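Here's a quick tour of a protein chain for someone just starting out. Have a look at the picture first, then read on.

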Amino acid sequence: MQQEPSLLDRINYPADLRSVPLEKLPVVCEEVRNYIIDTLSGVGGHFASNLGVVELTVALHYVFDTPKDRLVWDVGHQTYPHKILTGRKDRLNTVRKFNGLSGFPKREESPYDLYNTGHAGTSISQALGEAAARDLTGGDYNVVAIIGDASIATGMALEAMNHAGHLKKDMIVILNDNYMSISKNVGSISNYLNNIITSHFYNHWKRIFYTFLKWLPIIGPATERFFKKVEKGFKDVLTPGGLFEDLGFGYIGPEDGHDVIRLVRMLEKVKKMKGPILLHLITQKGKGYDPAERDPIKYHGVTPFRKEDGAMESGDSSKIAYSKIVGKMLTILTDQNPKIAAVTPAMIEGSGLKEYAEKYPEHLFDVGIAEQHSVAFAGAMTNGNVIPYMCIYSTFLTRGMDQLVEDVSLMNLPVRFVIDRAGCVGPDGETHQGLFDLSYLLGLPHMDVFVPSNGQDLIDSLRLMEHYDQEPIAIRFPKASVDIKSLDFYKKPELVPGTFRVLKKGSDVALLSIGSMLDEAKKAAEILESSGLSVTLIDLVWLRPLGAEALNEELSNVRHFAILDESYVDAGASGYLLNRIAPEQLSKYIKTFGFPPEPIHHGERKEIFQAYKLDGPSIAETVAEALKKNLIKP
């Protein structure tokens, strides 16, 4: 007997979803959740956050006429249910893969994705901009921002809410609260109040009542203010929305974010309300999958796993990630020096600081998603004779640019910047690529820059940083792992600022490799030498201070040179280096191997390098071609 197709089988777009009877939506949610579990158990991806917003996503597309009505997602790693319901269900198994679906909203993928998101705190600004544009042009559509409890605490989100409260545009902000961080329990009193607050009858007669008070002679304005204070005080006692009310938002909640039928009914009411409205929902990360419910941090992003018990494919136990090296090394340093502290903007796990936080909780400062604050905060710590290691991803450091300039660099405060995920980050894609940092770091006064090319370099530079107190210093490294046996966490570092390593000496061409490009440079050098060319290979670990005199001496002994830099070609170290290479050597310059000025999409690092001809064989081929043209004498 043929099995009847599931409801999800019939749903490809939101219009299909809206034909499903309301009472059947819990079944749709269960099928969407199971589809995510089944798919990601085979391919990996962002997991717990997506399981937590299934009911919310179904309710949003059921109530709102998307894509005419605008849904603006914050961060965006929770949009897999959204992708399933907007024509991309059959491609979910390609998520985060080369030429596959992005793990985040992506305008190029679908008209249902308004913005290419990836950084937190942007959605309310974008939604307010959409609402302002709608009203200026006479449009007729709803605008909804969906933001998490961590993101709404960002400075940008609060700035946007303050502006929205001033403009009083019709818009909805949905606060997806999955940590209970600012919430009271969902209960019958809250439900009762929310039913009243969203009631058309209540809002209609409230407007009439306050209009009547305004017209009362003498006592009207004072009476109006009195009743508004009573109303606000009553809601502040029974609901946690006082902050949002103060910012000019109508507050509703907290509501159960997993009751899809009630959510639909609540959204139907909320979309008819005037002005900016905040709907506060309580959800659970990992909802519906027990291992993810118990440990949502572990299951935030997953590799392929066994569906029965959640067991993930184990990594190579002989390898250690660069981020783990940082955490281990900072623990060792703090064992010996109580002045050391680590600062991170909500990236304890990602920056490898979990064990450090457990051993030295008073030395670990997680400032939340507040990159600007984190940089200024770390700068001020140096003024108090503390040694701050500012641990941050390259992509997020761009958000603290003003503070890098004003609050660290110009004042020459010796913050130690530990920049993870520099260069090509792979599956996270364009919003997370760390391809800008060298351009602005090398353009800052006082900022010294070290680019480790291996795990021992990273260890040695972290130890060197402890006493690097004359100016700020930054180290940047990729998302990568190295052999544990190759590392010594306790040896005295041999790094000498302003030096570089000459790994091979030749006469035809010099490859100037910057940090993480060394592996590809070695492959290219080997291929070139096998074809009969003589190669100099330079591991340029110190960019500032740069041993310019010694570098020019090496270049005087070769016919040509190329630069290998895992950055945007116009936003890396090339300009800095070429300005310090002697004029008589500049004619030998072939090119810089880096990324072109375009969004670098997601995929495995190896695939991306091959696509942009930054792998060893492609570099060797390009260099050999250039040498062939230049070596042919007229």
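What follows is a short briefing, grouped by topic.

This is a predicted model, so keep in mind that local features need pLDDT of at least 70, that side-chain atom pairs count only at pLDDT 80 or more, and that totals for chains, interfaces and linings use all residues. Residues are numbered from 1 along each chain as its sequence is written, and side-chain values use heavy atoms, with hydrogens and water left out.

**The big picture**

- The protein chain has 26 helices and 21 strands; helices (H or I, at least four residues) and strands (E, at least two) are DSSP runs, numbered from the N terminus.
- Of the 634 residues in the protein chain, 55% are buried. Buried means under 20% relative accessible area, exposed means over 50%, and partly exposed is in between (1.4 Å probe, protein chains only).
- Take the contacts in the protein chain with a separation of 6 or more: 76% of them come from residues 24 or more positions apart. A contact here means heavy atoms within 4.5 Å.

**The annotated binding site**

- UniProt, in an unreviewed entry, lists Asp149 and Asn178 under "binding site". They are spread over 30 residues of sequence, yet they cluster in space, with a largest C-alpha distance of 7.0 Å.
- UniProt positions are given in the numbering used here, feature names are shortened, and annotations may be inferred rather than shown by experiment.
- Asp149 sits in the loop between β3 (143-148) and α7 (155-167), and its 9% relative accessibility makes it buried.
- Asn178 sits in the loop between β4 (171-177) and α8 (188-197). Asn178 counts as buried too, at 18% relative accessibility.
- Not counting residues up to four places away in sequence, Asn178 touches Asp149, Thr283 and Lys285.

**The nonpolar cores**

- A nonpolar core is a set of buried Ala, Val, Leu, Ile, Met, Phe, Trp, Tyr and Cys residues joined through side-chain atoms within 4.5 Å. In soluble globular proteins, nonpolar side chains tend to be buried together.
- The largest nonpolar core has 51 residues, and the members touching the most others are Leu25, Val28, Phe47, Leu60 and Ile174.
- Apart from that core lies another one, of 42 residues, among them Phe417, Met447, Val451 and Leu543.
- Leu60 is in contact with Leu71, Trp73, Val144, Ile146, Ile174 and Leu267, leaving aside its neighbours within four places in sequence.

- Helix α2 covers residues 25-43, and its 19 residues should span 27 Å at 1.5 Å a residue; the end C-alpha atoms are 27 Å apart, which agrees. The expected span is 1.5 Å times one less than the number of residues.
- Buried residues in α2 include Leu25, Val28, Cys29 and Val32.
- Val32, with a relative accessible area of 0%, is buried. Leaving aside neighbours within four places in sequence, Val32 is in contact with Leu8, Val54, Pro81, Ile84 and Leu85.
- The axes of α2 and α12 (residues 260-270) come within 8 Å and cross at roughly 115°. Axes are lines fitted to C-alpha atoms, for helices over the stretch in contact, and angles run from 0 to 180 degrees between N-to-C directions.
- That makes α2 and α12 roughly perpendicular to each other, a label for angles of 65 to 115 degrees (under 35 is roughly parallel, over 145 roughly antiparallel, and the rest oblique).
- Their contact is made by Leu25, Pro26 and Cys29 of α2 and Val260, Ile261 and Val264 of α12.
- Just after α2, Gly44 takes a positive phi of about 80°.

- Why is α14 described as largely enclosed by the rest of the structure? It's because 11 of the 15 residues of α14 are buried.
- Helix α14 (residues 322-336) reaches 22 Å from its first C-alpha to its last, close to the 21 Å expected.

- Most residues other than glycine have a negative phi, and most peptide bonds are trans.
- The peptide bond from Thr66 to Pro67 is cis, with omega near 5°, and Pro67 lies in the loop between α4 (54-63) and β2 (70-73).
- Gly253 and Pro254 are also joined by a cis peptide bond, with omega about -5°; Pro254 is found in strand β5 (residues 250-256).
- Arg96 has a positive phi, near 70°, and is buried at 17% relative accessibility.
- Asn385 has a positive phi near 70° and lies in the loop between α16 (371-383) and β11 (387-393).
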